[in-house]
Amino acid sequence: MTGFPGRPSLNNTHVLPKYTNNSLDVSLRMLHLKLDHTITGMSGWMALLGRPLIHCGRTSSSQLRHASRLVFQSHGAPSQVLKYESFPTPVEPSDPQNVLVRMLMAPIHPADINTIQGAYPITPDLPAVGGGEGLGVVVMAGGAVTHLAPGDWVIPAGNMTGTWTTHTQGPAEAFVKIRKDIPEIAAATLRTNPSTAYRMLKDFVQLGPDDWVIQNGANSAVGQAVIQIAKHWKLHTVNIVRARDNIDALKHQLQNLGADFVLTEEEFRKWTEIREGRLPKPRLALNCVGGSSATELSKCLSNSAVMVTYGGMSLKPVTVATSGLIFKDIAIRGFWLSRWLSEHANGDERIKMFSELAGMCKDGVLTAPVHQTVSLKDFKASVDNTLKGFKGGKFIFDMTKEKQNGA
Ligand SMILES: NC(=O)c1ccc[n+]([C@@H]2O[C@H](COP(=O)([O-])OP(=O)(O)OC[C@H]3O[C@@H](n4cnc5c(N)ncnc54)[C@H](OP(=O)(O)O)[C@@H]3O)[C@@H](O)[C@H]2O)c1
């Protein structure tokens, strides 16, 4: 695949910076050319760029720095195929339309792992930089860029653009500006999971205050966002999780986010509140898991309810009771944020959503998912564990502590 909508080609974007020291200029150009060759086809906004700069114009060789990133040359197990590498960075945008960005934080999502495995519908040209979401700060804007300036916070506009890097650059339209008065980690994780929660709560069923929504995988990052956004919109949630030793702590954690009910899969099978009419039947179910967990969700829904599948964490097919389809006309739908973002790349709806979600973060309505931060260099355990169950939170690369060595 040569790219997906909004994913610019890297191949023509490199204009080598001009250095003042001639001999260094030559060797660095060689290095850039070599690297240019090796990264041909990397994700669109990933390119060579300089350390954080706050001015335009010519720069001296002493201003060069090495950045670092996680790159894969072939598909396979992420801890095997990902390589941590340093690369020299140019110091000004290679195109007047471009911005240079220093990445601050970038989460590791299940989809990032699937992409590296070659098991995701988006297949970046290889070699590619891992990661699809993150927060960066603009360090320099090309002369033709009007809506971004040094110091602005940005998140990627496109899908799977390669965020596991300390530095990147791309056309200004490859980035969306985001307010700076929210926690870094909330901003770095806003684009994917809260957006998915927001769209699923909004786009499938016209829900009104006091409607009920039910979800499994409720402790996932998406599930945590569903709970918080639903609460903000005065919706109620029934939340299903897998049993574990410290289940009470997990229940409290989700209740603190605003969950009305948190039940294990086993508890939910015996739960009579909906069945016996003490609670209204949910009009929307959000399925992260599949298999029998999805079947149980589908059984408790109201007439004409919708079950939206967005994840398949059990790796089992979605099964629903035949009676639910015939007698209740339940609709089985799916949602994929990447498709939605591609289809709304130039629309106001996308900006409205990001700004509403960021506003929720500012107001403390929406918080970052439970997480632990890791350094790019120590990537192996976290990429290995991302798809494993009971991991207790999202792994997030923290690039703010990444050392930039002098070149
Ligand atoms: N369609 C879209 O646009 C879209 C957007 C975002 C995310 N997603 C998908 O949504 C899912 C969750 O993403 P996330 O970033 O929120 O993930 P996450 O924070 O890493 O959470 C993973 C969730 O999956 C559960 N889980 C893991 N292994 C499981 C298994 N074998 N059986 C049942 N549940 C299992 C975990 O529960 P335990 O604690 O019990 O292990 C946890 O609730 C993923 O499939 C992801 O690809 C889809």
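Begin by selecting Arg242, which lies in the loop between β10 (236–241) and α7 (247–257). Helices (H or I, at least four residues) and strands (E, at least two) are DSSP runs, numbered from the N terminus. Residues are numbered from 1 along each chain as its sequence is written, and side-chain values use heavy atoms, with hydrogens and water left out. The model is predicted: local features need pLDDT of at least 70 and side-chain atom pairs count only at pLDDT 80 or more, while totals for chains, interfaces and linings use all residues.

Is Arg242 buried, partly exposed or exposed? Arg242 counts as partly exposed because its relative accessibility is 44%. Buried means under 20% relative accessible area, exposed over 50%, and partly exposed in between (1.4 Å probe, protein chains only).

Now select Ala243, which is found in the loop between β10 and α7. Ala243 is partly exposed, with a relative accessible area of 40%. Its C-alpha atom and that of Glu265 are separated by 7.1 Å, and these residues are 22 residues apart along the chain.

**The ligand**

Select the ligand and Arg244. An N or O atom in the side chain of Arg244 is 2.8 Å from an oxygen atom of the ligand. This is a polar contact, that is, a pair of N or O atoms within 3.5 Å; within protein, one must be able to donate a hydrogen and the other to accept it, and residues adjacent in sequence count only if both atoms are side-chain atoms. Backbone atoms also take part: a polar backbone atom of Ser220 is 3.3 Å from an oxygen atom of the ligand, and a backbone N or O atom of Val222 lies 3.0 Å from a ligand oxygen atom.

How much of the ligand's accessible area does the protein cover? On its own the ligand has 910 Å² of accessible area, and the protein covers 87% of this. Such areas come from the Shrake-Rupley method with a 1.4 Å probe; for residues, only the protein chains shown count as cover.

The domain bounds come from an automatic or database domain assignment.

**The largest nonpolar core**

Select Leu201, Ile229, Leu284 and Leu286, which touch the most other members of the 48-residue largest nonpolar core. A nonpolar core is a set of buried Ala, Val, Leu, Ile, Met, Phe, Trp, Tyr and Cys residues joined through side-chain atoms within 4.5 Å. Helix α12 (residues 348–362) supplies the largest share of this core, 6 residues. At least three residues of the core come from each of domain 1 and domain 2.

Move to Ile108, in the loop between β3 (98–107) and α3. Ile108 is buried, with a relative accessible area of 1%. Helix α3 itself (residues 110–117) has the buried residues Ala111, Asp112, Ile113, Thr115 and Ile116. Gly118 follows α3 and has a positive phi, near 85°.

Continue to Pro127, in the loop between α3 and β4 (128–129). The peptide bond from Leu126 to Pro127 is cis, with omega near -5°.

**The loop between β6 and β7**

Select Thr163, which lies in the loop between β6 (153–156) and β7 (167–171). Thr163 is buried, with a relative accessible area of 0%. A polar atom of its side chain lies 2.8 Å from the backbone oxygen of Glu133.

Finish with Met160, in the loop between β6 and β7. Met160 has a positive phi, near 50°, and is a residue other than glycine. Most residues other than glycine have a negative phi. At 10% relative accessibility, Met160 counts as buried.
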